[in-house]
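Hi,

Here is the structure I promised to pass on to you. Have a look at it first, and my notes on what turned up in it follow just below.

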Number of protein chains: 2
Amino acid sequence: MERFGRLFAYIDEKRRLVDRWLDNFVPSEDTPPENLHRAIRYALFPGGKRIRPVLCIAAAEMVGGRAEDVLPVAGAIEMIHTYSLIHDDLPCMDDDDFRRGKPTVHKVFGEALAVLAGDALLTMAFEAMSDVSRYPDPSLPRIVLAVNEIAKAGGSKGMVGGQVADIEGEGDESPTLEKVNYIHSHKTGKMIEVSLRVGALLAGGGYREIEVLSEYGKKIGLAFQIVDDILGEIGDEKKLGKPVKRDRQKSKCTYPAVVGIDESRKRAKELIEEAKRALSIFEDERCWMLKDLADYILERER
Amino acid sequence: MERFGRLFAYIDEKRRLVDRWLDNFVPSEDTPPENLHRAIRYALFPGGKRIRPVLCIAAAEMVGGRAEDVLPVAGAIEMIHTYSLIHDDLPCMDDDDFRRGKPTVHKVFGEALAVLAGDALLTMAFEAMSDVSRYPDPSLPRIVLAVNEIAKAGGSKGMVGGQVADIEGEGDESPTLEKVNYIHSHKTGKMIEVSLRVGALLAGGGYREIEVLSEYGKKIGLAFQIVDDILGEIGDEKKLGKPVKRDRQKSKCTYPAVVGIDESRKRAKELIEEAKRALSIFEDERCWMLKDLADYILERER
């Protein structure tokens with residue numbers, strides 16, 4: 001993992017910015033209703049890899065912008081991701097007791113508060129994005145477009161649609177590759193893709209740049225999910241912070257379930273190569289982070 | 001009820017506009033994932049009084065605008081209202097089996113789909129508001145501000161916060177009036193108030209007009225909820241389309257529970273008078289609808 005030292009340092013630096021922004025934006029634990037804000041903060045911090053907001057910032061930098069230009073949207077994207085995890089973990093959905101190595105929100109705060117903490121986080125995300133005073137140099141047309149793109153990516157034809165297909169696919173004896181692709185590209189793909197798109201958009205990127213980063217996002221998003229499936233099958237529980245073989249127990253539609261572990265690895269590798277090739281319109285030196293990140297997706301163990 | 005004939009005709013006309021807009025905006029039942037869109041449409045149509053979007057349109061007209069200027073936001077407000085009903089009815093929340101005279105979403109589609117249909121509706125609401133192409137004459141600063149105000153009204157310090165307080169207040173032996181006021185002003189009040197605010201805002205209203213309509217909204221919002229509490233206690237089940245005495249069974253914090261039925265009626269009446277007085281900056285002829293609506297809130301039986 002030594003070759004990823006520069007990447008980890010970059011991610012760490014940006015993650016810190018995102019965390020500081022979120023900590024500042026989200027109401028404190030003594031703001032009424034206290035339990036709601038406690039549940040929200042419990043879910044948000046310390047948090048996971050923050051891969052979506054980091055990609056959003058990286059995309060902004062790729063087109064010559066800065067993290068500050070996109071922080072409200074990067075923070076919002078992480079809030080949307082976090083709400084989706086809280087709701088996915090509910091007993092009526094995936095019924096998971098652990099997440100990121102600690103008990104899930106409904107285990108600690110109860111189901112009602114878990115539903116409501118998710119609802120509040122989703123709503124708060126749109127409050128953050130639309131708060132013009134939080135942008136150093138706001139462009140209203142780009143902000144409105146970013147809000148619209150994120151709402152589309154998170155909605156019934158995006159992330160939520162993917163979660164529905166995932167849940168309805170449980171127990172499917174012979175899922176098709178088409179179906180698994182639909183679930184992955186919607187449940188995780190759309191939000192990863194839009195993170196890059198709106199990062200570039202808000203930082204003033206042009207049409208071609210946005211399309212290329214979109215393409216890159218689509219490829220690494222799917223690769224990320226395939227690797228997730230593989231880790232869910234043969235990963236190390238301690239490193240992952242959650243039990244493995246859960247997908248298989250629930251007969252989830254996963255890549256390994258359809259094409260096997262070896263073929264899944266091969267497909268992930270191809271996608272990563274395609275993602276890196278898509279970046280060719282950018283100068284080589286500018287792309288190092290996105291290229292290293294793509295490579296890391298293949299190597300990650302958690 | 002004859003004296004409200006003009007009011008009902010007005011509400012009917014605007015409700016039809018809102019319904020047509022929603023029907024056009026929300027994906028059809030054969031859009032994948034089909035079950036999700038079926039659940040969403042089941043919750044949205046035929047729908048209830050549509051009081052929030054009608055107020056939004058009325059506020060627009062009060063400042064010289066038209067329904068078309070605010071339909072994306074009026075529709076969004078109804079989607080947010082509908083998502084909140086779906087989630088409130090869940091077994092882990094109010095556990096209600098009937099709503100508007102038919103089985104609740106989780107009864108028909110299951111809990112997982114009910115959670116996700118709510119999530120999708122909330123997300124869709126922000127997609128609708130931020131879709132510039134749906135406004136005949138879009139003002140970006142006003143659209144961004146409207147999105148922000150609605151997100152605030154719907155979030156942890158608004159509607160969701162009120163629902164948390166409502167649920168946490170269940171079983172409270174001696175709720176205070178302060179607590180009941182908090183629950184009502186947040187759970188229903190904030191969204192009613194913001195419906196009027198953003199209606200006036202998007203139609204080009206000035207600061208003073210927006211503030212006055214806000215004031216009116218606050219008053220009728222609370223009166224509406226007090227009457228709701230009274231109807232929940234002594235209303236007619238058939239007219240309401242849901243069982244009465246549910247609040248008492250669950251020891252909910254309601255106005256009648258704290259101050260009794262008579263005092264609740266008196267307070268609702270005062271609020272309605274105050275609401276009508278607040279409108280004095282507008283010409284008398286222009287206000288008839290909002291004044292009649294205020295009066296009707298006191299008289300309604302469902």
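Pro46(A) sits in the loop that runs between α2 (34-44) and α3 of chain A, where helices (H or I, at least four residues) and strands (E, at least two) are DSSP runs numbered from the N terminus. The peptide bond joining Phe45(A) to Pro46(A) is cis, with omega at about 0°. Arg50(A) is also placed in the loop between α2 and α3 of chain A, and its phi is near 55°, a positive value in a residue other than glycine. Arg50(A) counts as buried, with 25 C-beta neighbours inside 10 Å. For burial, C-beta atoms are placed from the backbone, and a residue is buried if 20 or more other C-beta atoms lie within 10 Å of its own, exposed if 12 or fewer, and partly exposed in between.

Before going on, a word on conventions. This is a predicted model, in which local features need pLDDT of at least 70 and side-chain atom pairs count only at pLDDT 80 or more, while totals for chains, interfaces and linings use all residues. Residues are numbered from 1 along each chain as its sequence is written, and chains are lettered from A and ligands numbered from 1 in the order in which they are written.

On confidence, the model scores ipTM 0.95 and pTM 0.95. Chain A has a mean pLDDT of 94, and 99% of its residues reach 70 or more; pLDDT is the predictor's confidence in each residue, from 0 to 100.

Back to the backbone. Most residues other than glycine have a negative phi, and most peptide bonds are trans. Asp95(A) has a positive phi of about 50° although it is not a glycine. Asp95(A) lies in the loop between α4 (67-88) and β1 (98-99) of chain A, and with 14 C-beta neighbours inside 10 Å it counts as partly exposed. In chain B, a cis peptide bond joins Pro32(B) and Pro33(B), with omega at about -10°. Pro33(B) belongs to the loop between α1 and α2 of chain B.

Next, two helix pairs in chain A. Axes here are lines fitted to C-alpha atoms, for helices over the stretch in contact, and angles run from 0 to 180 degrees between N-to-C directions. Helix α1 (residues 5-25) and helix α3 (residues 51-62) of chain A pack at an angle of about 105°, their axes 9 Å apart. That makes α1(A) roughly perpendicular to α3(A); angles of 65 to 115 degrees count as roughly perpendicular, under 35 as roughly parallel, over 145 as roughly antiparallel and the rest as oblique. Ile11(A), Lys14(A), Arg15(A) and Val18(A) of α1(A) make the contact with Pro53(A), Val54(A) and Ile57(A) of α3(A), two residues being in contact if their C-beta atoms, placed from the backbone, lie within 7 Å. By class, this contact has five nonpolar, no polar and two charged residues. Ala, Val, Leu, Ile, Met, Phe, Trp, Tyr, Cys and Pro count as nonpolar, Asp, Glu, Lys and Arg as charged, and the others, Gly among them, as polar.

Helix α13 (residues 255-278) and helix α14 (residues 288-299) of chain A pack at about 180°, with their axes 9 Å apart. That makes α13(A) roughly antiparallel to α14(A). The residues of their contact divide into six nonpolar, no polar and four charged.

Now to where the chains meet. In all, 44 residues of chain B are in contact with 44 residues of chain A. On the chain B side, α2 (34-44), α6 (111-129), α7 (140-154) and α8 (159-169) each supply at least two residues, and the largest share, 12 residues, comes from α6(B). By class, that side has 26 nonpolar, 11 polar and seven charged residues.

The buried residues of α2(B) are Leu36(B), His37(B), Ala39(B), Ile40(B), Ala43(B) and Leu44(B). Seen down the axis of α2(B), they fall within an arc of 155°, so they line one face of the helix; the arc is that of the directions from the helix axis to the C-beta atoms. Nine of the 11 residues of α8(B) are buried, so this helix is largely enclosed by the rest of the structure. Its buried residues pack against α2 and α6 (111-129) of chain A together with α4, α7 and α9 (177-202) of chain B. After α8(B) comes Gly171(B), whose phi is positive, near 85°.

Happy exploring!
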